[in-house]
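The sequence and structure are displayed below.

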Amino acid sequence: MSTPAVAKRLGPSARWSTLWGVGMLLLFVGERLFGGASSLRSACLVLGPAAIAGAMVARLQRMRGAADDRKVAERVLLRLYGAGMLAVILYFIQSDLPALRGHLPLEHDSPKLATALAALWPALWIAAAWPVALVELAYAQLAKAPRLETGRIKDAMYSGLGLAFALVFVFTVAFVSSERDKKYDLAYFRTARPGEVVRRIVRTLDQPLEIASFFPAGNETREEVDSYLKDLSHESGQLTITHYDFDIDPLKAKEYGVSSNGILAFVRGKRHELLGLPVPFEAARNALRTLDKEVQQRLMLIARQNRSAFFTTGHGERVWSPPVDATDKRSGLGKLRELLLDQSLDLREFGASDGLIQDVPSDATALCIIGPTRPFSADESAAVNRYVNKGGRLLVALDPENKVDLHEILEPLQLEFHAETLANDQVFARRTHTDGDRINLVTSSFTSHPSVTTLARVGARAPVVLPGAGWIDAKRGRPIEIQVDSPIKSHYATWADKNLNFQFDPGEQRRAYEVAAASVKGLSRAFVIADSDCFSDDAVNVSGNELLVLDVMHWLMGDEAYSGLSSTEMDLPVSHTRKEDVAWFYSTIFVSPILVLGIGYFVTKKRRRPKVAPAPRAAGGTP
């Protein structure tokens, strides 16, 4: 009997796999849709196994009457049918079917075995059903072949098993993940170390100061805090570190105003300042990253006298609250306010209705005039001048576009503001990607003046951004008792763009312009900067601008010892420009796949390239 004749007598193979699948479907419908002791379930329980058994019997007969090559495919399918039938048997063993017949279910006597079978039978069924489908597809393509390629049948079976195992693995991982909900923080973590500002504050202590730590013994958060405090205690003999447990030392906790564990109490005489930290270590991780900043705030509150900064209003100044004038679209000072509050400063708004026409209060440590759009009245200017002459501290930030020069206030300081917008086509901050960005000056040119102590030390690592700045000129021939310094200068390629065309035109001069000035007369101090945008919410986020705010305010208030960098272990976000985001997008979507496909193509082509055998040599001669 020839092989084609045998194949014709055997008939299509897929119909028996279809019958096997129908039997499985009937079992599924009976168990999942009907359930219980219904007659429909009973019918499915009879018809389903009957169809599976019929398919297996038919497959066995085909295998016995098949030629040797096709017997391989029939044997593979029969074994897969058997694996599927075994999965059904395992299902019924752990199901509620025994209970319907008056017996106890398996989970009653052997719950672990029932759970194991509940996980095993679907895995076994998938490992049978998926290969059956792929083997039938391969078998159908070879049905009319003179001789069956058994290798393709086996490859189809192994591919089905591989896919089934992968699917089982994915579902297993998903199940285990849902049942065992564990979180692992792989982010960088380290408790902040004492920064230079905190160390300097502790070194300058002139009275004893106690830091009382309230944590339970053996607590991991306490260990991290103790490491920080121990390092800090080496800076001064005036600092004492004590440890308490709220539950063991309730009297001491009451004395310091502590209501629970997880508190650091900063005690100096009768003054107490508290810092709360979560007791569980996982909850305290973020707080420990910024521990130095929080300790700095408490030390400033308790180790120095109260400081206040008055911000003038009523002249179109920038304010931290929403502007009254709806036409004022400038960015506010909300982030500047937060930054100064972190320095434990008392901030107040101060206008004509608050007494600016008469006098500036003596409790104002510093008076700030940020971006006025209208000039001061004669009485207000006189009040500011009297305040400065009495040893007051003054911060002035002006903008060239507002055409307000406050000459009545700046002339006694021997300073002059030039309302000419500076531009630079070599070093500038891009924002709109147009020529208009050239007025966004960027500079790291700082002197050694104490008003820019930290900036001078950091240098080019933290440049200052000045969006739309004018320039300041110190008068020549000024009195010897008035000392003027220019702590910040622009880049040497800067010019005064008088026609605002953002182009360097003939007649314009490139040079380093003085964009800020510090004036000192006796106890009075004044810092004037030719741009108020550098203090706005859009610019204070720049690290150099933040340091500028802190350095200037510390100098004005006589707190130069507190200037410096706080220690933090917070992860910095990775930011990209719009062009960088576009480049990364197209690289991942197009370039990377094309590169992988190209490498695969050349590697495959190289492997398939036939080796050319050398030409035979003629006897006794050359090839």
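## A negative patch

Glu408 is partly exposed, with a relative accessible area of 33%; partly exposed lies between buried, under 20% relative accessible area, and exposed, over 50% (1.4 Å probe, protein chains only). Glu408 belongs to helix H16 (residues 407-410). Helices (H or I, at least four residues) and strands (E, at least two) are DSSP runs, numbered from the N terminus.

Together with Asp405, Glu411 and Glu416, Glu408 forms a negative surface patch. Patch residues have over 30% relative accessible area and no salt bridge, with like charges joined within 9 Å and nonpolar side chains (Val, Leu, Ile, Met, Phe, Trp, Tyr) within 5 Å. A salt bridge is a side-chain nitrogen of Lys or Arg within 4 Å of a carboxyl oxygen of Asp or Glu.

## Basis of the model

The model is predicted: local features need pLDDT of at least 70, side-chain atom pairs count only at pLDDT 80 or more, and totals for chains, interfaces and linings use all residues. Residues are numbered from 1 along each chain as its sequence is written, and side-chain values use heavy atoms, without hydrogens and water.

## Overall composition

The protein contains 20 helices and 19 strands. Of its 623 residues, 43% are buried.

## Helix H9

In helix H9 (residues 196-203), the buried residues are Val197, Val198, Arg199, Ile201 and Val202. They pack against helix H10 (220-233), strand S2 (239-244) and helix H13 (291-303).

## A nonpolar patch

Val582, Phe585, Tyr586, Ile589, Phe590, Val591 and Ile594 make a nonpolar surface patch of about 680 Å². Val591 is located in helix H20 (residues 578-608).

Methods. Contact means heavy atoms within 4.5 Å. Accessible areas come from the Shrake-Rupley method with a 1.4 Å probe; for residues, only the protein chains shown count as cover. Lys and Arg count as positive and Asp and Glu as negative; His and the chain ends are not counted. The place of a charge is taken as NZ of Lys, CZ of Arg, CG of Asp or CD of Glu.
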